[in-house]
Amino acid sequence: MSVVVKRYIPLAITFIMGMIMVIATYFLAPGTPARDATALLTGTVDVLVATAGVLGLVVLLRHHSVNISRRGRFWQYSIITIVGVILYLIVGLYGIATHETQLMYASELFSWVYANLYVHMDMTIFSLLAFFIASAAYRAFRLRSLEASILLIVGSLMLLANAPVGAAIWEGFPDLGAWLLNVPNAAGNRAITIGIAVGAISLAIRQLLGVERGYLGPER
Amino acid sequence: MSIINTGLVASFVLLIIVLAEILVALFLARTGKYVPKIRKIAGLEAIEEAVGRATEMGRPITFTTGLGGIRDQYYYQTVAGLSILGHTAELAAKYGAKLLYFPYDPTIMPMAHEIVEQSYIRAGKPEAFNPENIQYLGGDQFPWAFGVLGATYREQSAANIHMGPFWAESLILAEAGFYTGAIQVAGTANYHQIHFFVVAADYALIGEELMAAGAYLSKDPTQIGSLWGADFGKLTAMILCFVGILLTAAGVTVLSDFFAL
Amino acid sequence: MSTPRLARIDRRYIYLLLFLLVSLPFFYPLKLPLSVGEHAQAVWDVTEALPPDSVVISSFDFGPSTITENRPQAKAHLYQCKERDLKVVALAFWISGGPLGEMVLREVYGEDFPDIPEYGTRVVYLGYVPGNEVGMQTFGDSTVSAKGTDHYGTPVGELDLMNEVTSAADFDLWAEWTSGTPGEQQVIQFVQGRHGGPSAVPLVVGSTAVSVPGMMPFYSAGQISGIMNGLSGGGQYELLVDGEYGYPLVEALPLLDSQSVAHVLIIVFVIIGNIGFAITKYGGGQRS
């Protein structure tokens with residue numbers, strides 16, 4: 001494929017679409033035909049993204065099917081993956097096919113599977129984070145340097161301020177925690193937020209002008 | 001009837017100011033009149049060390065670009081991560097290390113595929129490119145994160161590179177990497193996860209360091225010039241804050257009224 | 001000089017101890033007293049100041065993983081809104097928030113929800129509104145353009161409440177229950193900022209504790225009027241609701257004992273790790 005197709009056309013599309021969205025955001029009032037046209041554009045992108053979701057599903061199923069057929073590593077778990085995906089898909093499609101009022105409302109079976117399986121599995125996985133935090137705090141919160149010491153002390157104070165045990169030890173911990181959040185933390189986060197925002201603008205301008213091209217792959 | 005939509009006047013004016021600063025800096029750098037020196041970003045310099053370590057140990061590199069796609073508000077972090085992916089893939093091809101990439105969003109898969117393949121071609125090792133090393137694990141936060149965790153443990157990766165928008169899974173991935181003995185380079189602009197990477201990874205890119213990555217790694221004077229322009233944008237914000245404090249203390253509300261527009 | 005054992009405890013012992021001690025308060029509750037902090041109090045004050053019949057947008061933007069922190073917050077606030085005769089338009093901009101929002105509404109308004117007399121006039125559940133931040137922006141500009149039916153398929157034109165609430169100009173309070181994106185920053189950017197600022201669309205947030213530090217600049221600036229800080233914030237709000245109205249749906253308060261144990265244990269491990277580190281750094285050097 002020529003360089004024009006692989007690089008210059010995507011860069012041109014990026015610039016044109018970017019300028020359209022900037023103009024729409026700042027100058028086109030909501031409800032006007034021009035603004036509705038850009039909303040249509042955004043909706044078109046949503047459709048493309050949804051199509052990519054199907055691509056992801058196909059890739060996932062293909063990867064695990066190949067693993068099963070080759071008896072690759074942990075191929076038994078690939079069976080569980082494929083069965084889980086297909087079963088939940090069937091449950092969802094069954095709900096759509098049998099529901100009378102609207103497409104997006106979940107059937108009772110789908111809701112049951114969601115509430116009794118998915119919710120609990122997701123909660124369980126997330127709760128493992130608590131163990132990782134404990135081990136990370138144990139190994140990383142060391143008094144190595146001034147900055148590390150500040151991190152350790154402030155982190156410990158916030159742990160006590162955010163739980164009732166802090167107030168039980170000393171009644172001033174919650175107020176101290178609130179002050180730490182409202183004053184030094186707010187100042188630091190404000191600076192980080194502004195820095196990130198300006199950095200994002202800089203990156204966006206580089207992309208719109210075609211200066212930043214790393215996401216297209218390296219030039220030959 | 002105002003030309004600019006309600007609530008966005010101040011935002012537009014600030015955008016124009018920052019845009020002007022960046023364009024001037026870009027122009028000066030492109031014409032060679034002034035190319036600023038950029039300080040070393042330890043995390044980006046460490047990528048080559050990480051790839052080298054993986055090659056010596058004969059273990060793979062695990063690379064992720066977080067939970068972003070190209071459609072959401074965090075796309076700029078994802079794009080920065082993809083730039084770093086290209087750089088890492090080229091190094092991996094050059095040194096002969098295995099690179100595993102786990103995209104979260106299926107929209108990134110074709111881009112990643114293209115980036116990694118082109119990097120291998122550019123390094124002169126097209127035959128070493130294996131599309132099976134780009135694995136889609138599913139589009140939900142924790143299934144994806146634990147898929148990466150499982151791959152890290154199974155493959156015993158020697159280097160973990162996490163560059164992009166992360167949420168709660170950041171510490172999970174960083175801890176997993178630590179316990180496999182991997183060298184870890186991580187970067188995110190999500191303020192609520194930066195501290196987890198700072199604490200748990202060997203090298204961390206904070207906020208806009210991630211967004212400077214593309215410019216930094218390319219060594220292109222024009223891109224580096226834009227970083228200098230962004231610094232002026234931050235200086236503008238600092239001046240506005242300082243002036244705002246003085247005006248508010250004096251009871252003058254002109255600046256706060258302007259920002260309410 | 002080898003690293004002393006204190007500095008290299010096998011993490012599996014840490015995990016086991018954490019699991020055992022966090023489980024203990026379920027059998028032997030500590031009943032530690034809890035005081036209401038400034039940020040949760042601010043949410044209470046803003047909501048209590050609303051006149052009856054004010055419209056509250058309650059947005060369930062969280063997933064099952066953070067249900068422990070976000071659900072008690074949302075439930076307590078909704079209960080307060082119900083007791084104060086406020087009108088509630090509930091919705092979700094997260095796909096996982098759709099079914100979770102329905103669960104919470106059933107707990108607050110009764111298992112028969114939506115088959116309750118006040119559905120359509122005092123409370124409406126729109127369910128999942130697609131589009132993330134663009135969906136939020138559209139909802140603020142025109143509610144019917146964002147979602148034409150409620151969660152159960154009824155066209156919004158047939159719901160009296162949605163005929164009153166047509167855009168952000170009709171919102172009296174936005175209550176955002178969030179654990180990520182889209183969340184409170186997107187409400188500020190795409191709704192509040194475009195429709196008159198915090199005085200026109202006040203925003204209160206219930207969030208996971210990890211996200212709260214990043215919200216403080218917005219709280220200081222007045223763009224966020226109050227914050228419930230994680231599980232502790234939810235527990236504080238339950239105290240407030242119980243004190244004023246009696247609250248039968250307590251969920252966060254019993255869990256705070258386990259949270260306290262976990263926090264203390266983490267601090268203990270940090271101290272132990274640093275003792276080991278100090279021995280390595282200072283003790284080993286002297287001997288050699």
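The model is a predicted one, in which local features need pLDDT of at least 70 and side-chain atom pairs count only at pLDDT 80 or more, while totals for chains, interfaces and linings use all residues. Residues are numbered from 1 along each chain as its sequence is written, chains are lettered from A and ligands numbered from 1 in the order in which they are written, and side-chain values use heavy atoms, with hydrogens and water left out.

Staying in chain B, pick Ser83(B), which lies in helix α3 (residues 75-95); helices (H or I, at least four residues) and strands (E, at least two) are DSSP runs, numbered from the N terminus. Ser83(B) has 9% relative accessibility and therefore counts as buried, a term that means under 20% relative accessible area, with exposed over 50% and partly exposed in between (1.4 Å probe, protein chains only). If neighbours within four places in sequence are left aside, Ser83(B) is in contact with Glu212(A), Gly214(A), Tyr215(A) and Gly214(B), contact meaning heavy atoms within 4.5 Å.

Now move to chain A and show helix α2 (residues 33-69) with helix α3 (residues 75-98), whose axes come within 8 Å and cross at roughly 145 degrees. These axes are lines fitted to C-alpha atoms, for helices over the stretch in contact, and angles run from 0 to 180 degrees between N-to-C directions. Among the residues making the contact are Leu57(A), Leu61(A) and His64(A) of α2(A) and Trp75(A), Ile79(A) and Val85(A) of α3(A). The residues of this contact divide into nine nonpolar, five polar and no charged, where Ala, Val, Leu, Ile, Met, Phe, Trp, Tyr, Cys and Pro count as nonpolar, Asp, Glu, Lys and Arg as charged, and the others, Gly among them, as polar.

Chain C comes next, with eleven helices and six strands and a C-alpha trace that spans about 80 × 40 × 30 Å along its principal axes. Buried residues make up 59% of its 288 residues.

Which residues touch the most other members of the largest nonpolar core? Select Phe60(C), Phe139(C) and Trp174(C), which do so among the 76 residues of that core; a nonpolar core is a set of buried Ala, Val, Leu, Ile, Met, Phe, Trp, Tyr and Cys residues joined through side-chain atoms within 4.5 Å. The largest share of this core, six residues, comes from helix α3 (residues 67-83) of chain C. Apart from this core lies another, of 57 residues, including Ala145(B), Leu173(B) and Ala262(C).

Helix α9 (residues 212-220) of chain C is largely enclosed by the rest of the structure, because seven of its nine residues are buried. Among those buried are Val212(C), Met215(C) and Phe218(C), and what covers the buried residues includes α7 (173-208) of chain A and α7 (191-200) of chain B. Gly222(C), which follows α9(C), has a positive phi, near 85 degrees.

Finish at Ser258(C), in helix α11 (residues 256-287) of chain C, which counts as buried because its relative accessibility is 7%. Its C-alpha atom is separated by 7.8 Å from that of Leu21(C), 237 residues apart along the chain. Not counting residues up to four places away in sequence, Ser258(C) touches Val22(C), Pro25(C) and Phe26(C).
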